[in-house]
Amino acid sequence: MEPLSSRYPRPRQRGFTLIELLVAMVLAGIIVSMVAVNGMPGAQRGLRFEAERLAQLLSLAREEAQVRGQPMRLQADESGYRFLALRERRWQPVFDDADLRARAWDAPTSLSVERPDGRSEVEFGRDSVDVPFTIRLARDDASVTISANGLGYFDLQP
């Protein structure tokens, strides 16, 4: 008697295996991420990272001002920035919060603030609505803008 496999030849498999498809997708993802990272100049990428961190810290400072019932203020210069709290009628550095500690910029960075009322401070009070403002960070030939709508939403724009 003839074996069953010789009577009915198996059709030849066509296509890719699941492993081959997964490997191809991983390689494509790596290539796309390399192109995306390399497409942004180094100074712009570093400054964008700083702006994202600052936007998150501004959101935290806003929440802390409401929770503590103490106004909070951002103070910055070319070397770094820190947050201040209004205590005993004076602006004092925040030392009791590890997240809102003083930080240094990765490289000299200028910070400018635009507000509709013309003031140049970024302050958060006890109220849930603040004055909208725009912060522009600039370093070398790169710049990033943080826009705050006054309701706690911070948006980054290149």
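## Contacts and fold

A contact here means heavy atoms within 4.5 Å. Residues 24 or more positions apart account for 51% of those contacts in the chain that have a separation of 6 or more. This is a predicted model, in which local features need pLDDT of at least 70 and side-chain atom pairs count only at pLDDT 80 or more, while totals for chains, interfaces and linings use all residues. Residues are numbered from 1 along each chain as its sequence is written, and side-chain values use heavy atoms, with hydrogens and water left out.

The chain holds three helices and nine strands, taken as DSSP runs numbered from the N terminus (helices H or I, at least four residues; strands E, at least two). Along the sequence their pattern is α-α-α-β-β-β-β-β-β-β-β-β.

## Surface

Of the 158 residues, 30% are buried, where buried is under 20% relative accessible area, exposed is over 50% and partly exposed lies in between (1.4 Å probe, protein chains only). The accessible surface of the chain is about 10800 Å², with 56% of it belonging to carbon and sulfur atoms; such areas come from the Shrake-Rupley method with a 1.4 Å probe, and for residues only the protein chains shown count as cover.

Within helix α2 (residues 18-39) lies Val-23, which is partly exposed at a relative accessible area of 46%.
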